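Hi,

Here is the structure I promised to pass on. Have a look at it first, and my notes follow below.

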2 protein chains.
Amino acid sequence: MVKRTSHKQTACPVARPLDAIGDWWSLLIIRDAFDGLRRFGEFQRSLGLAKNILSVRLRNLVEHGILDTVPASDGSAYQEYALTEKGRGLFPLLVALRQWGEDYFFAPGEDHVLLTDRKHGMPVKRLELRAEDGRILKPEDTIISPSPSPSPKG
Amino acid sequence: MVKRTSHKQTACPVARPLDAIGDWWSLLIIRDAFDGLRRFGEFQRSLGLAKNILSVRLRNLVEHGILDTVPASDGSAYQEYALTEKGRGLFPLLVALRQWGEDYFFAPGEDHVLLTDRKHGMPVKRLELRAEDGRILKPEDTIISPSPSPSPKG
DNA sequence: ATTTCTTGGTTGCAAGATAAAACCAGCATC
DNA sequence: GATGCTGGTTTTATCTTGCAACCAAGAAAT
């Protein structure tokens with residue numbers, strides 16, 4: 001989005017998605033979509049961003065298969081924007097960002113919204129990375145490996 | 001960084017961190033930092049970004065307490081950039097982004113690097129959000145609640 | 001059917017962010 | 001004490017972003 005030297009060529013799964021969600025309006029749009037917002041105007045009022053920007057962002061998200069335009073919902077001839085399966089796949093990322101934000105961007109005792117288990121109203125657990133055997137992994141416990149398998153293509 | 005209407009006022013923990021890591025270079029710098037890179041030149045060669053941009057980004061990350069400048073390491077009079085505790089707190093976010101990237105930005109069979117458990121060399125488990133009682137939570141199973149407690153401040 | 005309002009979106013232009021390159025300082029090497 | 005490498009800063013050109021104004025298609029009112 002913001003770059004011309006595309007990241008699509010790297011073998012790093014961290015870098016590639018950045019063309020799709022590399023600007024953070026997109027992430028806020030997706031957050032709002034998870035919160036149930038669907039209409040152009042809803043996003044615009046919620047985020048307070050310029051309409052042209054929202055227009056471009058929505059189009060980009062649709063092109064990347066994160067949002068989908070669906071015909072209607074309340075009968076009006078307008079379209080709505082709904083998360084695709086790919087878009088819903090961003091849920092853990094949003095949660096991770098949310099938990100990090102809670103940890104480091106709020107004064108102790110400062111009010112903030114909280115993600116809770118709808119069934120019991122309790123706050124959700126923290127995300128934690130685990131090994132196959134169930135051990136919690138810290139950054140130092142992990143390493144990047146070149147490739148899952150040589151994948152002989154010839 | 002990219003915005004002037006600061007997100008610092010919202011009560012949403014998703015929005016606030018965006019001033020700190022809201023530009024996408026920062027996330028790649030942090031990824032590289034998790035991979036052990038520490039020197040200005042290392043980041044620059046790894047990312048291929050302009051030196052002035054790197055300079056600004058590193059300074060911003062330091063100001064936000066995500067990186068820390070430490071005096072040396074190999075004796076040279078230069079400084080290095082090391083992740084702080086706050087910076088290391090971004091690990092789940094990076095992992096979430098990585099897993100999403102793996103899921104949706106690589107053709108089946110296409111090679112990509114893999115995050116593995118250093119101890120056994122096995123790929124790590126997927127991140128999953130759980131309720132207090134251990135149930136796996138999907139987006140629809142959660143809801144945003146206004147505030148943990150009224151927190152009487154008077 | 002004509003005005004009017006809302007929704008969704010496009011088009012300019014000014015401001016800000018980015019990139020490439022030149023430049024510079026400190027240290028090492030020769 | 002010239003040359004070259006590392007780690008930046010400054011300069012300049014370009015590209016993107018955001019605001020504001022405008023516009024088209026419904027929907028609603030008259």
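One salt bridge to look up is the one where the side chains of B:E140 and A:R88 meet, at 3.0 Å from N to O. By salt bridge I mean a side-chain nitrogen of Lys or Arg within 4 Å of a carboxyl oxygen of Asp or Glu. Between chain B and chain A the count is 6 salt bridges.

Before you go further: this is a predicted model, where local features need pLDDT of at least 70 and side-chain atom pairs count only at pLDDT 80 or more, while totals for chains, interfaces and linings use all residues. Residues are numbered from 1 along each chain as its sequence is written, chains are lettered from A in the order in which they are written, and side-chain values use heavy atoms, with hydrogens and water left out.

As for the interface, 82 residues of chain B are in contact with 81 residues of chain A (heavy atoms within 4.5 Å). The two chains bury about 7,600 Å² between them, 67% of it on carbon and sulfur atoms; that is accessible area (1.4 Å probe) lost on being put together, summed over both.

The strands join in too: β4 of chain A (residues 142–145) runs antiparallel to β3(B), with 4 bridges between them. Strands here are DSSP runs of E, at least two residues, numbered from the N terminus, and two of them pair if DSSP finds at least two bridges between them. Which residue of β3(B) is the bridge partner of A:T142? That is B:D117.

Cheers
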